[in-house]
Amino acid sequence: MSRLLQERAVHVVGIGMHPYQFPSETPYVHLGLTAIREALKDAGLQWPQVQAAFVGTAAIGMAAGRVMLRHLGSTGLSVTQVENASASGSSAFRLACQAVASGEHEVVLAVGVDKTGHARRASGSDGLSTLSPTSNLPVAKFALLARRYLRDGELDVEALARVAVKNHGNAALNPYAQFRKPRTLEQVLASPKVAGDLTVQQCCPRGEGAAAVIVASAAAMARLGLARARSPRVIASVSTSEKLGRGDVPPIVDMVRESSLAALEQAGIGARDLDMVELHDAFSIEEIVYGEAIGVCQTGEGAHDLARGDTAIGGRCAVNASGGLIGMGHPIGPTGVGQIAEITRQMRGEATGRQHPGTRLAMAHMIGLGSVAIAHVLQKTD
């Protein structure tokens, strides 16, 4: 993928969203088509100009893509459905980039769309008994990780809660976010506890929504007259999965470190070159430890950097300017595609009300159950 992206540039030329929201009776087709039509309009393209589509979804069911896309016209394009848990949308975007970088297609859609209630985890059907009924519950795992981080760093629970305060504040400025209300430190700490030190407002909601991104080759952009300055280039794309643990470092944190390092090496930059990062903060502790694993913060300094405002909008490296999963929401299929849309919006200078100044290099990093990791690095084009 590294060589392909260097030899044949891939650009994000169109973005679109349906706001993330609480579960409703809105059909998934409406959610997805809203995002796709917005992306087509944003790019200035017509549907027949899209040659392939990758549809990220985890909870809708088989063949969701064709059922939705036929309402735009039966053009004969290639349609592939992608399921990779929380990383479904990120995986769809990676496949779209590969399709363009390989030269198979010139203009490709990646769309994530989901509703709640129909997904079943394979981990409960593997035929193996577990030591505890909570052994596969992410909230239990991250509550333990949070307790250890606070103990080792001699920190109090406010260190965790500040993640939620920042991200709910960012989401309040994002018209596509599920939560649009800022929260104080006192409100976050006073919300009901879910597990250990994690309170409700430090945990992401489940919801529904859609996000769409159109990628194109440089040749297609020139032929179709698409604006280069509005089209960030994808300069790295990495996909990995969890290895056996080593020492005291949790395997999932090691996975984040290795996947992000591979993406940074592919991009030819260091972590401190990143202006912003969108990452998987399903629980507040994740943003702190993943920020350290990616390298935007020194090990053990994530909570301190957050308290100083280094990871806020306008800080050294904005983390989850969209509001992240905690504030913007986590509808599963769309989440990874929504990260790319947010980065693109920031690089264009179109993130009204939550604009992080001078965004030129950014990473989108997503975790999926299992665990898997998908990392992308984007660069602003002039």
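Helices (H or I, at least four residues) and strands (E, at least two) are DSSP runs, numbered from the N terminus. This is a predicted model, in which local features need pLDDT of at least 70, side-chain atom pairs count only at pLDDT 80 or more, and totals for chains, interfaces and linings use all residues. Residues are numbered from 1 along each chain as its sequence is written, and side-chain values use heavy atoms, with hydrogens and water left out.

Start with arginine 360. This residue sits in the loop between H13 and strand S11 (361-368). Its relative accessible area is 37%, so arginine 360 is partly exposed. The scale is this: buried is under 20% relative accessible area, exposed is over 50%, and partly exposed is in between (1.4 Å probe, protein chains only). Contact means heavy atoms within 4.5 Å. Leaving aside neighbours within four places in sequence, arginine 360 is in contact with Asp275, Met347, Leu378, Gln379, Lys380 and Asp382. For aspartate 382, the C-alpha to C-alpha distance from arginine 360 is 9.8 Å, across 22 residues of sequence.

Cysteine 317 lies in the loop between helix H11 (302-308) and strand S10 (318-319). It counts as buried because its relative accessibility is 2%. Alanine 362 is 45 residues from cysteine 317 in sequence, yet the two C-alpha atoms are 9.1 Å apart.

Met276 leads on to glutamate 342, which also touches that residue. Glutamate 342 belongs to helix H13 (residues 335-348). With 3% relative accessibility, glutamate 342 counts as buried. What joins the side chains of glutamate 342 and arginine 354? A polar contact of 2.7 Å does. A polar contact is a pair of N or O atoms within 3.5 Å; within protein, one must be able to donate a hydrogen and the other to accept it, and residues adjacent in sequence count only if both atoms are side-chain atoms. Beyond four places in sequence, the residues that glutamate 342 touches include Asn174, Glu278, Ala321 and Ser322.

Now take the annotated region. UniProt lists residues 253-377 as "domain: Thiolase C-terminal", in an unreviewed entry. UniProt positions are given in the numbering used here, feature names are shortened, and annotations may be inferred rather than shown by experiment. Over residues 253-377 the chain is 41% helix and 15% strand. The end C-alpha atoms of that stretch are 19 Å apart.

Helix H10 (residues 284-294) comes next. Of its 11 residues, 11 are buried, so H10 is largely enclosed by the rest of the structure. Among these buried residues are Glu286, Glu287 and Glu292. Glycine 295 follows H10, with a positive phi near 110°.

H10 also takes part in a pocket lining. Rolling a probe the size of a water molecule over the atoms shows where empty space is left. The second largest pocket holds about 380 Å³ of space. Its lining has 17 residues, and Arg148, Tyr149, Val289, Glu292 and Thr299 are the closest to the centre. Helix H5 (138-153), helix H9 (251-267) and H10 are the elements that give two or more residues to this lining. H5 gives the most, with 5 residues. On a 1 Å grid over the protein atoms alone, a pocket is an open set of points where a 1.4 Å probe fits, with protein on both sides within 12 Å along at least five of seven lines; lining residues have an atom within 4 Å of a point. Grid points are joined across faces, edges and corners, and a volume is the space filled by probe spheres set on the points.

Finally, look at the backbone. Most residues other than glycine have a negative phi. Alanine 85 has a positive phi, near 55°. This alanine 85 lies in the loop between strand S3 (78-82) and helix H4 (88-101). Its relative accessible area is 15%, so alanine 85 is buried. Isoleucine 332 also has a positive phi, of about 80°. The loop between helix H12 (324-327) and H13 holds isoleucine 332. At 11% relative accessibility, isoleucine 332 counts as buried.
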